[in-house]
Amino acid sequence: MGSCISTSSQSTSSSRSNGEPITPCCLDVGFCGQKRTKRTFYDHVVALQHLPSMPNRIFSNGKSRTSCIFTQQGRKGINQDAMVVWEDFLSDDVTFCGVFDGHGPQGHLVARKVRDALPVKLLSFLHSYQSRQDGFDQACFKTNSKKPDGAYSDKDGSTEDKLGSLWREAFLKSYKVMDKELRSHPNLDCFCSGSTAVTIVKQGSNLFMGNIGDSRAILGSKDNNDAMVAVQLTVDLKPDLPREAERIKRCKGRVFAMQDEPEVQRVWLPFDDAPGLAMARAFGDFCLKDYGVISMPEFSHRILTERDQFIVLASDGVWDVLSNEEVVEIVSSAPTRSSAARILVDSAAREWKLKYPTSKMDDCAVVCLFLDGKMDSESDYEEQCFSSVTHQSNHSGNVVESDDGQKSEPCLQRNFTVRSSEENDSHGRVAVEAKDNSETVAAEDQSWSGLEGVTRVNSLVQLPRFSAEKPNHDPL
């Protein structure tokens, strides 16, 4: 599992030593209308240490003013999913949301590291942009409410284009710097470990999105008949996409499916049948970064309207068993908004048992962001019920708490990375789930011996036969 300690566990203080509350300005990453000195490496470390006590930032099961989030451990080992919602991210009415799904031996640590550091890097880029501008146009960062359908002017278009270009550059550079930091991290081995990322920034009626890997974001919106419909906001960036496969092959990587799982395309080294990564873009996974796997996000910009109701971000544990439409239906029909993420995870868990009774359920992480900015309130009794369900959801009968203090829980949808028991019988052998490599061999053996059936298709098939320090051999 590695010896790296998540930054989220390094500080739990809600104020400075002198009692002064911590704010984004104290971290030197927000826009407060004043010129600041250049940030140092020490400033960056201090910022990460104070993240757990930042106001309006949540990263474990719970709710905020406009969102609810929930994660649950699957039946494969340590929970490798992470999530975050950060309200008042840049200024009022700006919200950052992200879901991160780790894989490989240290995937859980990679996911948490990205969860903590990536938003700070976005803020850092925007602060640098501000300091470079002479008479910075603060209007670019003023938010506005959602627009009625069709309400759009040429002036609006010019402003939106400028804002979109700025956020595009911020996402691209922040993802690049994040991956570079992982490569040089002294205590985190990302050679065969990595993480997906699906991230959004909501700024007024503007929605900016960046994603790598197979975690997904969808939008719940109303059509002309006021019926709820699902709109997929991101594309699952996997090797079965022609443009992704072409890039990998140009870089001498190989893309093919295993004989016993022909529906799952994987990325392989040119000289070794490893690691068999089931995604085309990811943080980490440096054994494949010279062979076409990249960390550059796919960026998109959308203008929200009054018909748009909520956004759901989730790891592939949800999308393996539930469709976009089913997720929208579950969230929109939840008895309370604050329970929507938990109910979605519970629904996915039931679908795993019904559709794949011989498979191990994957980890799940869900973020539900409600676009009208409203959240209902629950009584103390309801909150106690929520806590009770969280504890009882663990299949081992005990509460599993990760090293960053999160209670571990699951999530789901179908994206053709799970095979039914019939499919497994027809292929004649079982698939091995490699996302669980974060557990020790002893723990993994115990997990396998205690459960019947198979796990879902691996994110990784096996580790390469060479280490990161050995030189790569030319392909034959």
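Q: Which strand is proline 275 in?
A: Proline 275 lies in strand β13, which covers residues 272-277. Strands are DSSP runs of E with at least two residues and helices are runs of H or I with at least four, numbered from the N terminus.

Q: And what kind of peptide bond joins alanine 274 and proline 275?
A: A cis one, with omega at about -10°.

Q: Before going on, what sort of model is this?
A: It is a predicted model, in which local features need pLDDT of at least 70, side-chain atom pairs count only at pLDDT 80 or more, and totals for chains, interfaces and linings use all residues. Residues are numbered from 1 along each chain as its sequence is written, and side-chain values use heavy atoms, with hydrogens and water left out.

Q: How many helices and strands does the chain have?
A: There are 10 helices and 19 strands. Of the 476 residues in the chain, 56% are buried. Buried means under 20% relative accessible area, exposed means over 50%, and partly exposed is in between, with a 1.4 Å probe and protein chains only.

Q: Helix pairs next. At what angle do α6 and α7 cross?
A: Roughly 135°, with the axes of α6 (residues 324-332) and α7 (residues 340-355) coming within 9 Å. Axes are lines fitted to C-alpha atoms over the stretch in contact, and angles run from 0 to 180 degrees between N-to-C directions. The angle therefore makes α6 oblique to α7; under 35 degrees is roughly parallel, over 145 roughly antiparallel, 65 to 115 roughly perpendicular and the rest oblique.

Q: Which residues meet there?
A: Glu326, Val327, Ile330 and Val331 in α6 meet Ala340, Ile343, Leu344, Ser347 and Lys355 in α7. They divide into 6 nonpolar, 1 polar and 2 charged. Ala, Val, Leu, Ile, Met, Phe, Trp, Tyr, Cys and Pro count as nonpolar, Asp, Glu, Lys and Arg as charged, and the others, Gly among them, as polar.

Q: How far does α7 reach end to end?
A: Its 16 residues reach 22 Å from first C-alpha to last, close to the 22 Å expected at 1.5 Å a residue. The expected span is 1.5 Å times one less than the number of residues. The buried residues of α7 include Arg342, Asp346 and Trp352.

Q: What is the accessibility of aspartate 346?
A: Aspartate 346 is at 18% relative accessibility, so it counts as buried. Its C-alpha is separated by 9.2 Å from that of glutamine 72, 274 residues apart along the chain.

Q: Glutamate 244: buried or exposed?
A: Buried, at 0% relative accessibility. Glutamate 244 is in helix α4, residues 242-250, and touches Leu237, Lys238, Ala280 and Arg281, not counting residues up to four places away in sequence. Its C-alpha is 8.6 Å from that of arginine 281, 37 residues apart in sequence.

Q: Switching to backbone: what is the phi of aspartate 93?
A: Positive, about 70°, although aspartate 93 is not a glycine. Aspartate 93 is in the loop between β4 (81-86) and β5 (94-103) and is partly exposed at 37% relative accessible area.

Q: And aspartate 285, what is its phi?
A: Also positive, about 50°, and aspartate 285 is not a glycine. Aspartate 285 sits in the loop between β14 (283-284) and β15 (298-303) and is buried at 1% relative accessibility.

Technical notes. Contact means heavy atoms within 4.5 Å.
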